[in-house]
Amino acid sequence: MLKFYRVWVGLLHALIGIQFFLAGYGALGTGSPDESFSLHIMNGRVIAVVALLGILFAALARSGRKLTGLAAGVFGLVVLQSVIALVSVAGTVPGQIIFGFHAINALMIMGLAESSARLAKRLIEERRTPEAVPVAA
């Protein structure tokens, strides 16, 4: 199940990469902001579902609290993305400053997801390595 979790986090990474592209696409879009960012918003919802399911898959992998906690942290940061977008008021300086944290938080999501993938890889390697069996004399 840990291998599946690593693939799942790989999917999450791909969606995050697409999300960065869609943010740039929306920022340079010629239509209204609602139209320009519609794909970005839709992909963000997909990311939230994938991150939520990541918690379940980490728990099913019996990987321990740390990996499950990292997966939950990713989901928490994804939820925070929506909160930041809702709280910031476009066209105001405080709103733009708050919205600046949207990009910083996205980098934190990517970093935390990468940390969970590395931990899963390490756990897979530890499970493959046979324990040293003491030889009875």
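## Helix packing around H4

The axes of helix H4 (residues 65–87) and H5 come within 9 Å and cross at roughly 165°. Axes here are lines fitted to C-alpha atoms, for helices over the stretch in contact, and angles run from 0 to 180 degrees between N-to-C directions. H4 and H5 are therefore roughly antiparallel to each other. This is a predicted model: local features need pLDDT of at least 70, side-chain atom pairs count only at pLDDT 80 or more, and totals for chains, interfaces and linings use all residues. Residues are numbered from 1 along each chain as its sequence is written, and side-chain values use heavy atoms, with hydrogens and water left out.

**H4 against H5**

- H4 passes H5 in a left-handed crossing. The residues of this contact divide into 20 nonpolar, six polar and one charged.
- Ala, Val, Leu, Ile, Met, Phe, Trp, Tyr, Cys and Pro count as nonpolar, Asp, Glu, Lys and Arg as charged, and the others, Gly among them, as polar.
- A crossing is left-handed if the near helix is turned anticlockwise from the far one by less than a right angle, and right-handed if clockwise.
- Angles under 35 degrees count as roughly parallel, over 145 as roughly antiparallel, 65 to 115 as roughly perpendicular and the rest as oblique.

**H4 itself**

- H4 has 23 residues. From first C-alpha to last, H4 reaches 32 Å, close to the 33 Å expected at 1.5 Å a residue. The expected span is 1.5 Å times one less than the number of residues.
- Helices (H or I, at least four residues) are DSSP runs, numbered from the N terminus, as are strands (E, at least two).
- Buried residues in H4 are Leu67, Leu70, Ala71, Val74, Leu77, Val78, Gln81 and Ile84. Buried means under 20% relative accessible area, exposed over 50%, and partly exposed in between (1.4 Å probe, protein chains only).
- The cover over these buried residues includes helix H1 (2–27), helix H3 (38–60) and H5.

**H3 against H4**

- H3 and H4 pack at an angle of about 165°, with their axes 8 Å apart. That makes H3 roughly antiparallel to H4.
- H3 passes H4 in a left-handed crossing. By class, their contact has 13 nonpolar, two polar and no charged residues.
- On the H3 side, the residues that meet H4 are Ile47, Ala48, Ala51, Leu52, Gly54, Ile55, Ala58 and Ala59. Their partners in H4 are Leu67, Thr68, Ala71, Ala72, Val74, Phe75 and Val78. Contact means heavy atoms within 4.5 Å.

**H3 itself**

- H3 has 23 residues and reaches 33 Å from its first C-alpha to its last, close to the 33 Å expected at 1.5 Å a residue.
- His40, Asn43, Ile47, Val50, Ala51, Gly54, Ile55, Phe57 and Ala58 are buried in H3. The buried residues of H3 pack against H1, H4 and H5.

**Two single residues**

- Leu119 lies in helix H5 (residues 93–128). At 7% relative accessibility, Leu119 counts as buried.
- Leaving aside neighbours within four places in sequence, Leu119 is in contact with Lys66, Leu67 and Leu70. Leu119 and Ser63 are 56 residues apart in sequence and 9.4 Å apart in space, C-alpha to C-alpha.
- Arg6 lies in helix H1. Arg6 is partly exposed, with a relative accessible area of 35%.
- Not counting residues up to four places away in sequence, Arg6 touches Ala117, Ala120, Lys121 and Ile124. Arg6 and Ala23 are 17 residues apart along the chain, and their C-alpha atoms are separated by 25 Å.
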